[in-house]
Amino acid sequence: ALLSLEKFKHEQNQRSWAEGELKRAMTAIGATRLRETIQRLKAIGIKVDYNVFDEEQKNRKAWEQRLMDASEVEGSEQLQKELHDADLAQVQVDLATSQQECSKRERMEDNLRKAWDSIGSSALRSALQLATKEKIKVSMGDF
């Protein structure tokens with residue numbers, strides 16, 4: 001009887017350890033670490049309820065995709081919207097990279113607007129050269 005109780009205790013310890021690993025992975029930013037932890041624990045065959053963790057990983061992956069898609073669109077507007085929505089949803093994804101990209105685009109759009117409003121061609125030429133050199137996806141739909 002003692003041997004079988006040891007087996008149950010070992011199983012309980014493994015499951016407890018796995019749940020701790022999953023909770024730690026939940027605190028990490030983004031979907032990658034959580035996905036890798038889930039896959040690793042499933043491969044080992046530890047019996048825990050993965051549903052909540054699978055759903056969170058899918059949610060993070062979807063948000064990461066939304067931000068990547070928005071970064072492919074010219075201009076800062078779509079990226080601003082997705083960053084705002086992600087912030088409201090309090091999703092744990094890396095927003096810093098998208099925020100930096102959005103800030104660059106906003107600065108470049110502002111620079112181009114100011115150049116557009118200036119007199120002569122030199123400011124406009126400089127702004128265009130900088131935008132081309134930096135390869136920043138700006139949108140000047142208002143012009």
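**Entry 1: helices H2 and H3**

I looked up how helix H2 (residues 32–44) lies against helix H3 (residues 51–72) in this predicted model: the axes come within 9 Å and cross at roughly 145°. Helices here are DSSP runs of H or I with at least four residues, numbered from the N terminus. The axes are lines fitted to C-alpha atoms over the stretch in contact, and angles run from 0 to 180 degrees between N-to-C directions. I noted the crossing of H2 and H3 as left-handed, that is, the near helix is turned anticlockwise from the far one by less than a right angle.

I then listed the contacts (heavy atoms within 4.5 Å). From H2, Leu 34, Arg 35, Ile 38 and Lys 42 meet Phe 53, Asp 54, Glu 56, Gln 57 and Arg 60 of H3. These residues divide into three nonpolar, one polar and five charged; Asp, Glu, Lys and Arg count as charged, Ala, Val, Leu, Ile, Met, Phe, Trp, Tyr, Cys and Pro as nonpolar, and the others, Gly among them, as polar.

**Entry 2: basis of the values**

Residues are numbered from 1 along each chain as its sequence is written, and side-chain values use heavy atoms, with hydrogens and water left out. As the model is predicted, local features need pLDDT of at least 70 and side-chain atom pairs count only at pLDDT 80 or more, while totals for chains, interfaces and linings use all residues.

**Entry 3: nonpolar core**

I looked up the largest nonpolar core and found 11 residues, including Leu 34, Ile 38 and Phe 53. Such a core is a set of buried Ala, Val, Leu, Ile, Met, Phe, Trp, Tyr and Cys residues joined through side-chain atoms within 4.5 Å. Buried means under 20% relative accessible area, exposed over 50%, and partly exposed in between (1.4 Å probe, protein chains only). Helix H1 gives the most to this core, with four residues.

**Entry 4: salt bridges**

I recorded 10 salt bridges in the structure, each a side-chain nitrogen of Lys or Arg within 4 Å of a carboxyl oxygen of Asp or Glu. Arg 60 and Glu 56 form one of them, at 2.8 Å from N to O. Arg 60 is buried, at a relative accessible area of 0%.

Arg 66 and Glu 82 form another, at 2.7 Å from N to O. This pair links distant parts of the chain, from helix H3 to helix H4 (residues 77–89), 16 residues apart. I noted Arg 66 as partly exposed at 34% and Glu 82 as buried at 7%. Salt bridges with shared partners join Arg 66, Lys 81, Glu 82 and Asp 85 into one network.

Technical notes:
Helices (H or I, at least four residues) and strands (E, at least two) are DSSP runs, numbered from the N terminus.
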